[in-house]
Amino acid sequence: IGFGVQGFNIRSLSEPENETMQHGAKDGFVESSQINMMLIRRRMHTTDMKFVRCTVGSESRTPVLIAYLQSAADPVLVEKVKQDLEKCSLKNLFASEYLTPFLARNGVFNKVGYTERPDAACGKISEGRIVILVDGCASVVIVPQLFIENFQTPDDYANRPLYASFNRLSKMTAFLISVFLPGIYVAISGFHPELLPETLLTKIASSGSGTPFSIFVESILSFFLYELMREAGLRAPKSLSHAVSIVGALVIGDMAVSSGLMSETTLIITAITAIAGYVVPKIYQAATLLRLVFILIGGTLGL
């Protein structure tokens, strides 16, 4: 029997930047599936913990591990995941997100979850979920993903029940604000001003009287300007990130109001919506698309 025993360089274990927690472990998955399997094994000391190996990608031949708890996972679901991976028509598999279209139907909300934390993955495994480890990726796939899980974090299980419940309700409220607030603002301002208190209506009317665009057009412009700034902040080198923030805050924010191109109320609504969207980062993409849809509906049809 001949087999290779040579080692290779790997990134040291560190806390994931995208899933920082106040309580619990500080280690995260790395790009080696063997190390990731070890991180799960050291937490799940049971013979029911199973790993199934397979290969995905006709050219890359990427090793993939299917992890599940035999006593908790549905055998039908396990077999379906195996068949979906065998039927995967990818040539190359360089990221775990590549598997999403083959594991769940496309929709507004993602039915497949991801995590970079071993403790979170083990928690899902103990609930009967299936975790897929892709060699070369620091995030693992969780199947299936429930919508309510977007508002849950491992910190919830370390906090007191009342405070954890309050946190989850706050996240749900923030999601509703990020999706509906701009559309409701546009609909009420354009079609139903009688619903606003007189003082607030006067403020909105006075702030928008000196601008050349309607509130509907302002909301569309502020939506796209914010998304451009967010994308620039993500893609620009770190040395330029401060410049992007200065340009966004001073030039686009303050000068747009001072020059009379945009009203203060529209910018405040955009800022509140952006902050609320970051409270639930897992569904930020879906919330952004829905926000644009409801702005268009509110600006054309009202409430």
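Me: Is R230 buried, partly exposed or exposed?

Reply: This is a predicted model, and burial is read from relative accessible area, with buried meaning under 20% and exposed over 50%. R230 has 22%, so R230 counts as partly exposed.

Me: With which residue does the side chain of R230 meet in a salt bridge?

Reply: A salt bridge is called when a side-chain nitrogen of Lys or Arg lies within 4 Å of a carboxyl oxygen of Asp or Glu. R230 meets E231 in this way, at 3.8 Å from N to O. E231 is partly exposed, at 33% relative accessibility.

Me: How many salt bridges does this rule give?

Reply: The count comes to eleven. One of them joins D84 and K80, whose closest N and O atoms are 3.0 Å apart. D84 and K80 are four residues apart in helix 2, so about one helical turn separates them. D84 is buried at 16% relative accessibility, whereas K80 is partly exposed at 44%.

Me: Which residues are linked in a network of salt bridges?

Reply: The network consists of K124, E127, R129 and E149. Within it, R129 and E127 form a salt bridge with their closest N and O atoms 3.6 Å apart. R129 counts as buried, with 11% relative accessibility, while E127 is partly exposed at 42%.

Me: Now the sheet. In what order do the strands lie?

Reply: Strands of a sheet pair through backbone hydrogen bonds, in a parallel or an antiparallel sense. Here five strands form an open sheet in the order 1-2-4-5-3, with antiparallel pairing. Strand 1 (49-56) and strand 3 (113-115) are at the edges with a single partner strand each, so one side of each has no neighbour in the sheet. From one strand to the next the twist averages 25°.

Me: How many bridges pair strand 1 with strand 2?

Reply: Strand 1 and strand 2 (residues 62-69) are paired over eight bridges in the antiparallel sense. Opposite V56 stands T62 in strand 2.

Me: Which strands does helix 2 touch as it packs on the sheet?

Reply: Helix 2 (residues 75-86) touches strand 1, strand 2, strand 4 (130-134) and strand 5 (140-143), and its direction makes about 175° with that of strand 2. Helix 4 (residues 118-126) also packs on the sheet, touching strand 1, strand 2, strand 3, strand 4 and strand 5. The direction of helix 4 makes about 55° with that of strand 2.

Me: Why is strand 4 described as largely enclosed by the rest of the structure?

Reply: Strand 4 is so described because five of its five residues are buried. Both of its faces are covered, with I130, I132 and V134 on one side and V131 and L133 on the other.

Me: How many bridges join strand 4 to strand 2, and how many join it to strand 5?

Reply: Four bridges join strand 2 to strand 4, and I66 has I132 as its bridge partner. Three bridges join strand 4 to strand 5, where I130 is partnered by V143. Both pairs run antiparallel. The hairpin of strand 4 and strand 5 has five residues between the strands, and G136 there takes a positive phi near 95°.

Me: Which residues form a nonpolar patch on the surface?

Reply: The patch is made of F213, V217, L221, L225, L228 and L261, with about 490 Å² of accessible area together. L225 lies in helix 7 (residues 215-235) and is partly exposed, at 30% relative accessible area.

Key: Residues numbered from 1 in each chain as written. Predicted model: local features only at pLDDT ≥ 70, side-chain atom pairs only at ≥ 80, totals over all residues. Heavy atoms only, no water. Patch = residues over 30% accessible without salt bridge, like charges linked within 9 Å, V, L, I, M, F, W, Y side chains within 5 Å. Areas by Shrake-Rupley, 256 points an atom, 1.4 Å probe, with all protein chains shown as cover. Helix = DSSP H or I, 4+ residues; strand = E, 2+ residues; numbered from the N terminus. Buried < 20%, exposed > 50% of the residue type's maximum accessible area, 1.4 Å probe, protein only. Pairing = 2+ DSSP bridges. Axes fitted to C-alpha atoms, helices over the stretch in contact; angles between N-to-C directions. Contact = heavy atoms within 4.5 Å.
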